[in-house]
Amino acid sequence: MNILDKIVEYRLERGWTEYQLAEKSGLTQSTISSWYRKNMLPSIPSLKKICDAFGITLSQFFSEDNENAILLTEQQHRLLHYAAKLNSQQYETLTRFLELL
């Protein structure tokens, strides 16, 4: 598996530019560009940020079987991001609300 090619694949699936990936991951565009220019691999923390931006886990990223990888839409990723910030009571309230829809 070529990690850099896989990043490009996920990025292009979403129609993102390298700049957009940088913005969504919290990394600088120069950092991402340098991986390709210097043929370097990203660090694990950087790859984790990339995966978070894509809405996937590191495990999904490294999965050879793409059928097991669940790709989230931008809206789903956003919803999960906010849900993760809720306390247990808020989460239960949100869950009940969603069940009523």
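A: A helix here is a DSSP run of H or I with at least four residues, and helices are numbered from the N terminus. The model is predicted.

Q: Is Ser25 buried or exposed?

A: The reading rests on a cut-off: a residue is buried when its relative accessible area is under 20%. Ser25 has a relative accessible area of 9%, so it is buried.

Q: Which residues does Ser25 touch, leaving out those up to four places away in sequence?

A: With those sequence neighbours set aside, Ser25 touches Ile32, Lys49, Ile50 and Ala53.

Q: Which backbone atoms lie 3.3 Å from the side chain of Ser25?

A: There are two to look up in the structure. A polar atom of the Ser25 side chain lies 3.3 Å from the backbone oxygen of Ala22. The side chain of Ser25 also reaches the backbone nitrogen of Leu27, at 3.3 Å.

Q: Which residues of helix 2 are buried?

A: Leu21, Ala22 and Ser25 are the buried residues of helix 2. They cover an arc of only 100° around the axis, so they lie on the same side of helix 2.

Q: What do the buried residues of helix 2 pack against?

A: Their partners are helix 1 (3-13), helix 3 (29-37) and helix 4 (44-54).

Q: How many salt bridges are in the whole structure?

A: Start with the general idea. Side chains of opposite charge can pair when their charged atoms come close. In this case, a search of the whole structure finds 2 salt bridges.

Q: Which side chain does Arg14 meet in a salt bridge?

A: Arg14 pairs with Glu13, with an N to O distance of 3.8 Å. Glu13 has a relative accessible area of 45%, so it counts as partly exposed.

Q: Which side chain does Asp52 meet in a salt bridge?

A: Asp52 pairs with Lys48, and here the N to O distance is 2.7 Å. Both residues lie in helix 4, 4 residues apart, which is about one turn of the helix.

Q: How accessible are Asp52 and Lys48?

A: The relative accessibility of Asp52 is 32%, so Asp52 counts as partly exposed. Lys48 is partly exposed too, because its relative accessibility is 38%.

Key
Residues are numbered from 1 along each chain as its sequence is written. This is a predicted model: local features need pLDDT of at least 70, side-chain atom pairs count only at pLDDT 80 or more; totals for chains, interfaces and linings use all residues. Side-chain values use heavy atoms; hydrogens and water are left out. Buried means under 20% relative accessible area, exposed over 50%, partly exposed in between (1.4 Å probe, protein chains only). A polar contact is a pair of N or O atoms within 3.5 Å; within protein, one must be able to donate a hydrogen and the other to accept it, and residues adjacent in sequence count only if both atoms are side-chain atoms. Contact means heavy atoms within 4.5 Å. Helices (H or I, at least four residues) and strands (E, at least two) are DSSP runs, numbered from the N terminus. The arc is that of the directions from the helix axis to the C-beta atoms. A salt bridge is a side-chain nitrogen of Lys or Arg within 4 Å of a carboxyl oxygen of Asp or Glu.
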